[in-house]
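This report describes selected features of one protein model.

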Amino acid sequence: MRRHRLLALSVTLAALAIVVLGVPGCRSAPSPPTPARGRRDATEAVGRTATATWSAEIRRLLGFGLPIYCGGPRGNEVAFTFDDGPGVYTHFALKKLARANERATFFVVGRSVDDWPGYLTRELKLGAVEDHTYTHVALISLPPSQITYQLRATAQKIQADTGEHVQLWRPPYELHNPTVDRIAQQLGLLDVLWDDDSQDSIGANYAQIIKNVEAGLRPGAIIEMHENRGQTIRALTTLLPALQQRHLRSVSVPQLLASDPPSPEQVRKGLAGCKNEGEVSGRPSTVSWSSSVVTSSGASSPAMRRGSVRERTMSSKRAATAAVRARIFDRVAT
Ligand SMILES: [Zn+2]
């Protein structure tokens with residue numbers, strides 16, 4: 001255990017050196033932090049009333065049996081989401097978010113929680129902590145009992161650590177199928193995906209991350225990022241002030257879904273209901289994940305073929321990204 005903690009300490013110091021000193025090819029002088037705006041209203045405190053309102057809306061959306069890709073377009077809120085933590089860079093993400101007075105949602109991996117004691121509580125103070133499975137496995141490759149374990153054990157760990165009931169989850173590699181969806185729904189977990197992809201998990205550097213995220217920044221956007229990547233933390237230095245410049249603010253996903261939920265039509269349309277994807281790619285989002293995308297983009301992958309057929313509409317850009325993620329999984333799994 002002592003050796004493990006020493007290892008964690010040395011990794012943290014290494015990460016600190018990268019963030020403070022910079023990495024080759026990166027900008028070396030981060031902008032000063034954005035001052036707090038003081039615009040947070042009372043509902044953002046995680047009090048009982050606010051939590052109950054958020055829970056009711058999440059239960060309503062759970063009834064659709066479909067993933068959520070974005071919120072509604074009527075407000076000025078977006079939701080930054082960070083997957084795969086807690087980890088070595090979490091401290092830096094939290095620090096930047098706190099300085100900018102922004103909120104986020106953290107989809108955490110159950111088995112990492114014990115390695116970073118106290119981190120979930122810190123994350124909860126800045127938004128919400130939700131379920132990203134116990135070992136970051138592609139659930140489509142598991143029998144139902146193991147799917148249940150992966151989701152339930154993580155939710156229980158989060159609840160034991162924070163006292164908060166877990167209501168949301170996100171599938172690793174975006175891989176899910178009707179069996180996975182049914183089990184998650186039975187556990188009361190709403191599948192939250194995204195409509196604005198930083199592409200940090202497939203190798204985007206900080207400049208590309210900024211470009212990718214800014215292209216999709218609009219009211220209701222759910223932004224996909226990872227808290228275990230130095231390039232992502234670096235990109236936050238630019239992205240957090242960019243929110244302010246666009247008169248947007250980041251809230252937790254539960255708050256976004258409560259204050260400006262997607263309409264039933266948006267939910268039924270899936271990603272196409274968020275509009276953003278088609279606007280960004282310059283073409284309508286009408287390609288089918290289950291057939292033409294996989295073959296037309298040359299993106300065939302065992303994981304994708306076993307995956308969701310619920311992604312009825314997906315732009316070629318998102319399909320290509322999903323294919324890379326699936327291929328990464330195939331490499332890991334074989
Ligand atoms: Zn992940």
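This is a predicted model: local features need pLDDT of at least 70, side-chain atom pairs count only at pLDDT 80 or more; totals for chains, interfaces and linings use all residues.

Strand 1 pairs in the parallel sense with strand 8 (residues 249–250), over two bridges. On the strand 8 side, Arg-249 is the bridge partner of Glu-77. Strand 1 also runs parallel to strand 7 (residues 222–226), and five bridges join the two. Here Phe-82 has Met-225 of strand 7 as its bridge partner. Strand 2 (residues 104–108) is another parallel partner of strand 1, again with five bridges. Gly-85 is bridged to Val-108 of strand 2. The pairings of strand 1 are listed below.

| Partner of strand 1 | Sense | Bridges | Bridge partners named |
|---|---|---|---|
| Strand 8 (residues 249–250) | parallel | two | Glu-77 and Arg-249 |
| Strand 7 (residues 222–226) | parallel | five | Phe-82 and Met-225 |
| Strand 2 (residues 104–108) | parallel | five | Gly-85 and Val-108 |

How many of the nine residues of strand 1 (residues 77–85) are buried? Nine of the nine are, so strand 1 is largely enclosed by the rest of the structure. For the protein of 334 residues, the buried share is 46%.

The secondary structure consists of 14 helices and eight strands. Among contacts with a separation of 6 or more, 76% are between residues 24 or more positions apart.

Helix 3 spans residues 90–100, and its buried residues include Thr-90, Phe-92, Ala-93 and Leu-94. Lys-96, Leu-97 and Ala-100 of helix 3 are buried as well. After helix 3 comes Asn-101, with a positive phi near 60°.

Two packed helices are described by the angle between their axes and the distance between the axes. For helix 5 (residues 144–162) and helix 6 (residues 178–186), the angle is about 50° and the axes are 10 Å apart. Helix 5 and helix 6 are therefore oblique to each other. The crossing of helix 5 past helix 6 is right-handed. Helix 5 contributes Pro-144, Ile-147, Thr-148 and Leu-151 to the contact, while helix 6 contributes Thr-179, Val-180, Ile-183 and Ala-184. By class, this contact of helix 5 with helix 6 has six nonpolar residues, two polar ones and no charged ones.

The loop between helix 10 (264–269) and helix 11 (276–281) holds Gly-270. Is Gly-270 buried or exposed? Gly-270 is buried, because 22 other C-beta atoms lie within 10 Å, and the cut-off for a buried residue is 20 or more. Gly-270 and Leu-66 are 204 residues apart in sequence, yet their C-alpha atoms are 7.8 Å apart in space.

How values were computed
Residues are numbered from 1 along each chain as its sequence is written. Helices (H or I, at least four residues) and strands (E, at least two) are DSSP runs, numbered from the N terminus. A residue is buried if 20 or more other C-beta atoms lie within 10 Å of its own, exposed if 12 or fewer, and partly exposed in between; C-beta atoms are placed from the backbone. Two residues are in contact if their C-beta atoms, placed from the backbone, lie within 7 Å. Axes are lines fitted to C-alpha atoms, for helices over the stretch in contact, and angles run from 0 to 180 degrees between N-to-C directions. Angles under 35 degrees count as roughly parallel, over 145 as roughly antiparallel, 65 to 115 as roughly perpendicular and the rest as oblique. A crossing is left-handed if the near helix is turned anticlockwise from the far one by less than a right angle, and right-handed if clockwise. Ala, Val, Leu, Ile, Met, Phe, Trp, Tyr, Cys and Pro count as nonpolar, Asp, Glu, Lys and Arg as charged, and the others, Gly among them, as polar. Two strands pair if DSSP finds at least two bridges between them.
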